[in-house]
Amino acid sequence: MYTLVLVRHGESEWNKKNLFTGWTDVGITPEGVKDARLMGKKLSEEGYEFPVAFTSVLKRASLTLELILEEMNSSQTQVIRDWRLNERHYGKLQGKSKIGILDELEWKQVHAFRRSYKTRPPQLETDDPRHPANDSKYSNVPEHMLPRGESLEDTYNRVIPYLQEEILPALKTHNKALISAHGNTLRVLLKYFNDLTDNQIEGVEFAIGEILVYRLDEDFKVISKEFIASKTNVKYGGDM
C-alpha cells in the first residue's frame with residue numbers, strides 16, 4: 001500500500017486580497033506561515049515521514065512545504081519542484097479582484113471562469129509581462145508549452161502526465177510522498193483519483209489547512225481517503 005498526502009499552500013498575499021493569482025508569484029501572509037506550521041505539526045503528531053515531497057516553483061507552495069518539513073524535523077526529505085504543479089494560469093484575470101470583476105462581467109461568466117471545467121479565461125498576449133515566457137523561472141521550458149491562460153481541463157492535462165511520469169514512480173520507490181500545491185492543482189488530482197465527472201469537479205474545493213491522505217493499492221487505485229484538519233477553523237478560499 002502506498003500513501004500520498006496532499007496539502008494546499010498557506011494563505012497567500014493575494015488570497016487575503018481576494019485577487020485572481022494563478023502563476024503570479026506572491027508570498028504567504030503571517031497567517032499563511034501559521035497555516036503551514038500547523039499542517040507540519042499535525043503531520044508530525046500523526047507520525048508521518050516523507051522520503052520525497054513535490055511542489056510547484058511558485059513560492060507560496062514551495063515555502064509552505066519548507067515550513068511543513070521544518071515543523072516535522074524532516075531535513076532528509078528530497079524536495080522536487082516543478083512548474084507542472086503550478087496553479088491554474090488565470091490569463092488576463094490575474095491581479096483582478098474577484099469581486100470587482102463583477103462590474104465588468106456578468107456573474108454567470110465569472111462563475112464559469114472560476115468553476116467550470118472547460119472555460120478558459122481571457123488569454124495573455126505573448127508580450128504581456130505576465131506571460132511565463134517573460135519569467136526567467138521558465139527559461140528552460142519550450143514556449144509552446146507555457147500557458148497564456150488555462151481552463152481546469154488544461155490544468156488537468158498538464159498535471160496528470162507529471163503525476164503519472166514522475167510522482168507515482170517515486171511513490172512506488174519510496175512508498176510515501178507529500179505534495180504541497182495549489183487549489184486547482186489539487187482539484188485535478190482529486191478528479192483523477194476520485195474519478196469525478198467534469199460536472200462533479202465544479203463543486204469541489206480544497207481548504208487551506210486541510211490535509212488529504214490517500215491510501216493507494218499497487219495499481220495506484222484508491223483504497224481509502226481521509227481528510228485531516230490541522231486547525232479548527234478550516235477556511236475555504238476559492239481560487240488560488
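Author: T3 is buried, with a relative accessible area of 4%. Buried means under 20% relative accessible area, exposed means over 50%, and partly exposed lies in between, with a 1.4 Å probe and protein chains only. T3 belongs to strand β1, residues 2–8. Helices (H or I, at least four residues) and strands (E, at least two) are DSSP runs, numbered from the N terminus.

Two notes on the source. This is a predicted model, in which local features need pLDDT of at least 70 and side-chain atom pairs count only at pLDDT 80 or more, while totals for chains, interfaces and linings use all residues. Residues are numbered from 1 along each chain as its sequence is written, and side-chain values use heavy atoms, with hydrogens and water left out.

Now the surroundings of T3. Beyond its neighbours within four places in sequence, T3 contacts Y48, L171, N175, K176, A177, V213, Y214 and R215. Contact means heavy atoms within 4.5 Å.

Next, strand β5. β5 pairs with β1 in the antiparallel sense, over 6 bridges. Two strands pair if DSSP finds at least two bridges between them. L4 has Y214 as its bridge partner in β5. β5 also pairs with strand β6 (residues 222–229), again antiparallel, over 7 bridges. Here R215 has S224 as its bridge partner in β6.

β5 and β6 form a hairpin with 5 residues between the strands, and F220 there takes a positive phi near 65°. D217 sits in the loop between the two strands. It counts as partly exposed, at 26% relative accessibility. D217 contacts Y2 and I223, leaving aside neighbours within four places in sequence. The C-alpha atoms of D217 and T3 are 9.1 Å apart, although 214 residues separate the two in sequence.

Step back to the sheet. It is open, has 6 strands and mixed pairing, and runs in the order β3-β2-β4-β1-β5-β6. β3 (78–81) and β6 stand at the edges with a single partner strand each, so one side of each has no neighbour in the sheet. The twist averages 20° from one strand to the next.

Helices lie across this sheet. α5 lies across β1, β2, β3, β4 and β5, and runs at about 160° to β2. Axes are lines fitted to C-alpha atoms, for helices over the stretch in contact, and angles run from 0 to 180 degrees between N-to-C directions. Helix α3 (residues 59–71) lies across β1, β2 (52–55), β3 and β4 (176–181), at about 135° to β4.

α5 spans residues 152–174, and H174 is found in it. H174 is partly exposed, with a relative accessible area of 30%. It touches P51, V52 and Q78, not counting residues up to four places away in sequence.

Which residues of α5 and α6 meet? L152, T155, Y156, V159, I160, L163, Q164 and L168 in α5 meet N184, T185, R187, V188, L189, K191, Y192 and F193 in α6.

K191 deserves a stop. It lies over the face of Y156, at 5.4 Å from the ring centre. K191 also lies over the face of Y117, at 4.7 Å from the ring centre. A charge sits over a ring if NZ of Lys or CZ of Arg is within 6 Å of the ring centre and within 35 degrees of the ring normal.

Last, the aromatic rings. The whole structure holds 10 aromatic pairs. Rings of Phe, Tyr and Trp (its six-membered ring) pair if their centres lie within 6.5 Å; planes under 30 degrees apart count as stacked, over 60 as edge-to-face and the rest as tilted. W23 and Y138 form a tilted pair, 5.0 Å centre to centre with 35° between the planes. W23 lies in the loop between α1 (13–17) and α2 (30–45), and Y138 in the loop between α4 (107–115) and α5, so the pair ties together parts 115 residues apart in sequence. W23 counts as buried at 6% relative accessibility, and Y138 counts as buried at 3%. The rings of Y192 and F193 have centres 5.1 Å apart and planes at 80°, so this pair is edge-to-face.
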